[in-house]
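Dear colleague,

Please find below the structure that I am handing over to you, together with its sequence. My findings follow directly after it.

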Amino acid sequence: MLDSIASPQPEDAVARKLLLALGSIVAFCLLAEGVVRLLGPDISVPGSSQRFRFEHATAAAHPLHVRDARYGWRLQPGQRITLQTGGADPSANAMRTNSHGFRGGEFEDYKPPDVMRILFVGDSNPMGFGIANDEATYAVGVARLLDRHLGGRTGFESINLGVDGYSSFQARRVVEDFVPRLDPDVVCIQVGFNDHTLSAVPDSAVSFDRPAILDALEQAHAYRWLRRQLLILTRQHERAFEPVPRVSVAGYEANVRDMIERAKGAGATVVLI
């Protein structure tokens with residue numbers, strides 16, 4: 001009887017072994033992460049540091065952004081973000097985002113009959129990256145100037161659909177999604193500054209919709225180091241990380257032409273910037 005009381009039950013022994021195994025795995029992972037970080041972050045990054053890797057794009061990891069399965073990333077929705085631009089008045093440095101993940105106030109699909117709606121599509125230029133005050137972006141300025149000089153029976157509304165880091169591939173998706181539903185009168189397109197940036201694969205070959213656990217693993221130096229070693233062992237590293245433009249010249253032309261046709265098909269006038 002005493003022996004049966006003193007000895008642990010089989011279930012307890014199994015639970016202890018599982019906890020011990022789990023603790024050992026966690027400890028090993030933490031130790032490996034610490035060693036790789038101590039040796040230096042460069043050894044965990046495949047290829048030259050000059051090469052742009054899409055999955056490590058600063059735009060996708062910037063505090064202003066959240067990952068998006070459709071576009072790769074977008075601005076954090078519904079935020080009022082104070083940017084450090086050196087201005088004396090912090091309230092003038094607040095960038096506002098709407099629930100759609102774009103810069104500016106909320107907008108509705110329905111367009112009143114007495115409003116001329118202007119969409120701005122593209123990258124950091126129409127978005128106004130580096131311009132903290134929303135009122136100082138040219139998307140807002142255009143509507144303000146038109147109201148001042150041409151206002152009267154017609155009002156002018158600007159909707160800013162630009163996001164920093166976007167290529168023409170992403171802008172094309174934005175046009176596909178928003179031009180038909182917003183019924184714009186004018187679509188202004190300024191994009192292309194990010195297309196020539198080098199990446200492991202073209203934007204068209206990237207799967208934005210991936211499990212969240214992979215995003216978490218990408219933050220671990222040990223995980224990236226291990227992946228690099230596996231690529232080297234399988235002799236895939238030479239071609240796997242040969243940089244290519246995010247969008248080729250031909251791809252850029254095709255994307256812009258598609259955006260133009262879609263905008264015209266919706267009855268809008270197109271302005272290329």
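I begin with an arginine: the side chain of R246 comes within 3.0 Å of the backbone oxygen of G165. Please bear in mind throughout that this is a predicted model. R246 sits in the loop that links β9 (244-245) to α10 (249-265). With a relative accessible area of 4%, R246 is buried, because a residue counts as buried under 20%. R246 and H196 are 50 residues apart along the chain, yet their C-alpha atoms are separated by 6.0 Å.

Helix α10 comprises 17 residues, and the distance from its first C-alpha to its last is 24 Å, close to the 24 Å expected at 1.5 Å a residue. Its buried residues are N255, V256, D258, M259, I260 and A263. These buried residues of α10 pack against α6, β7 and β10 (269-272). After α10 comes G267, which has a positive phi near 85 degrees.

For the overall setting, the protein contains ten helices and ten strands. It has 273 residues, of which 35% are buried. Among contacts in the protein with a separation of 6 or more, 72% are accounted for by residues 24 or more positions apart. The accessible surface amounts to about 15800 Å², and carbon and sulfur atoms hold 60% of it.

Strand β7, one of the elements against which α10 packs, contains Q190. Is Q190 buried or exposed? Its relative accessible area is 12%, so Q190 is buried. The side chain of Q190 forms a polar contact with the side chain of Y138, at 2.6 Å. Leaving aside residues up to four places away in sequence, Q190 touches V121, G122, D123, N125, P126, Y138 and I273.

Which residues of α5 are buried? They are A139, G141 and A143. The cover over them includes β5 (115-122), α4 (124-127) and β6 (155-162).

L146 also belongs to α5. Its relative accessibility is 23%, so L146 counts as partly exposed. Not counting residues up to four places away in sequence, L146 touches I118, G151 and F156. L146 and E157 are eleven residues apart in sequence, and the distance between their C-alpha atoms is 9.6 Å.

Two further loop residues may be considered together. K111 is located in the loop between β4 (94-96) and β5, whereas D183 is located in the loop between α6 (168-182) and β7 (186-190). K111 has a relative accessibility of 16% and therefore counts as buried. The side chain of K111 makes a polar contact, at 3.1 Å, with the side chain of D185. Beyond residues up to four places away in sequence, K111 touches R117, L182, D183 and D185. D183, one of the residues touched by K111, has a positive phi of about 50 degrees although it is not a glycine. The relative accessible area of D183 is 38%, which means that D183 is partly exposed.

Finally, I would draw your attention to the surface. W225, L226, L230 and L233 form a nonpolar patch there, and together these residues have about 430 Å² of accessible area. L226 belongs to helix α8 (residues 221-233). With a relative accessibility of 47%, L226 counts as partly exposed, because exposed requires over 50%.

Yours sincerely

Key
Residues are numbered from 1 along each chain as its sequence is written. This is a predicted model: local features need pLDDT of at least 70, side-chain atom pairs count only at pLDDT 80 or more; totals for chains, interfaces and linings use all residues. Side-chain values use heavy atoms; hydrogens and water are left out. Patches are made of residues with over 30% relative accessible area and no salt bridge: like charges are joined within 9 Å, nonpolar side chains (Val, Leu, Ile, Met, Phe, Trp, Tyr) within 5 Å. Accessible areas come from the Shrake-Rupley method with a 1.4 Å probe; for residues, only the protein chains shown count as cover. A salt bridge is a side-chain nitrogen of Lys or Arg within 4 Å of a carboxyl oxygen of Asp or Glu. Helices (H or I, at least four residues) and strands (E, at least two) are DSSP runs, numbered from the N terminus. Buried means under 20% relative accessible area, exposed over 50%, partly exposed in between (1.4 Å probe, protein chains only). Contact means heavy atoms within 4.5 Å. A polar contact is a pair of N or O atoms within 3.5 Å; within protein, one must be able to donate a hydrogen and the other to accept it, and residues adjacent in sequence count only if both atoms are side-chain atoms. The expected span of a helix is 1.5 Å times one less than its number of residues.
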